[in-house]
Amino acid sequence: MDCIFCKIANKEIPSNLVYESENTVAFNDINPAAPVHILVIPKKHIESLNELNDKDLMAELLFSVKEVCKKLNITDYRTVINTGKEAGQEVFHIHLHIISGRPLKWPPG
């Protein structure tokens, strides 16, 4: 499999991990949409939220978001999961975006 996020999770590609748990890693997005833009991914390859059937891993992904924000003293942030190409998913390995560091509008723009 040629998945860039799997390579990051397996430490085959250098990255500056900001957080790591037994089943997840978090790192800075290389194309940030805000001053703070961190991705949280499972170490195991799962294409999208539609294929994620492990409730414990779902919980750990959200817990990891909270731990990243706590570690970096981020109190106001947006968490986004894009599922599918039409929803904006570009890398087909599930990932949660943590976006912060500027006022965020709704709807996004």
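**A pair of rings**

Guide: Let me begin with phenylalanine 27, which counts as buried because its relative accessibility is 4%, under the 20% cut-off; please keep in mind that this is a predicted model.

Visitor: How many aromatic pairs are there?
Guide: The count comes to one aromatic pair. Phenylalanine 5 and phenylalanine 27 have ring centres 5.5 Å apart and planes at 70 degrees, so the pair is edge-to-face.

Visitor: Which parts of the chain does the pair link?
Guide: It links distant parts of the chain, since phenylalanine 5 belongs to helix 1 (residues 4-9) while phenylalanine 27 belongs to strand 2 (residues 24-28), 22 residues apart.

Visitor: And phenylalanine 5, buried or exposed?
Guide: Phenylalanine 5 counts as buried, because its relative accessibility is 7%.

Visitor: Switching to helix 2, which residues are buried there?
Guide: Among them are Leu57, Leu61, Val65 and Val68, along with Glu60 and Glu67, and the buried residues of this helix pack against strand 1 (17-20), strand 2, strand 3 (36-42), strand 4 and strand 5.

Visitor: What should helix 2 span?
Guide: With 17 residues (residues 55-71) at 1.5 Å a residue, helix 2 should span 24 Å, and this agrees with its end C-alpha atoms, which are 24 Å apart.

Visitor: What about the surface, which residues make the nonpolar patch?
Guide: Leu49, Met58 and Ile81 make a nonpolar surface patch of about 210 Å².

Visitor: Where does isoleucine 81 lie?
Guide: Isoleucine 81 lies in the loop between strand 4 (78-80) and strand 5 (96-100), and it counts as partly exposed because its relative accessibility is 35%.

Conventions: Residues numbered from 1 in each chain as written. Predicted model: local features only at pLDDT ≥ 70, side-chain atom pairs only at ≥ 80, totals over all residues. Heavy atoms only, no water. Patch = residues over 30% accessible without salt bridge, like charges linked within 9 Å, V, L, I, M, F, W, Y side chains within 5 Å. Areas by Shrake-Rupley, 256 points an atom, 1.4 Å probe, with all protein chains shown as cover. Salt bridge = Lys/Arg side-chain N within 4 Å of Asp/Glu carboxyl O. Helix = DSSP H or I, 4+ residues; strand = E, 2+ residues; numbered from the N terminus. Buried < 20%, exposed > 50% of the residue type's maximum accessible area, 1.4 Å probe, protein only. Phe/Tyr/Trp six-rings, centres within 6.5 Å; stacked < 30°, edge-to-face > 60°. Expected span 1.5 Å × (residues − 1). Contact = heavy atoms within 4.5 Å.
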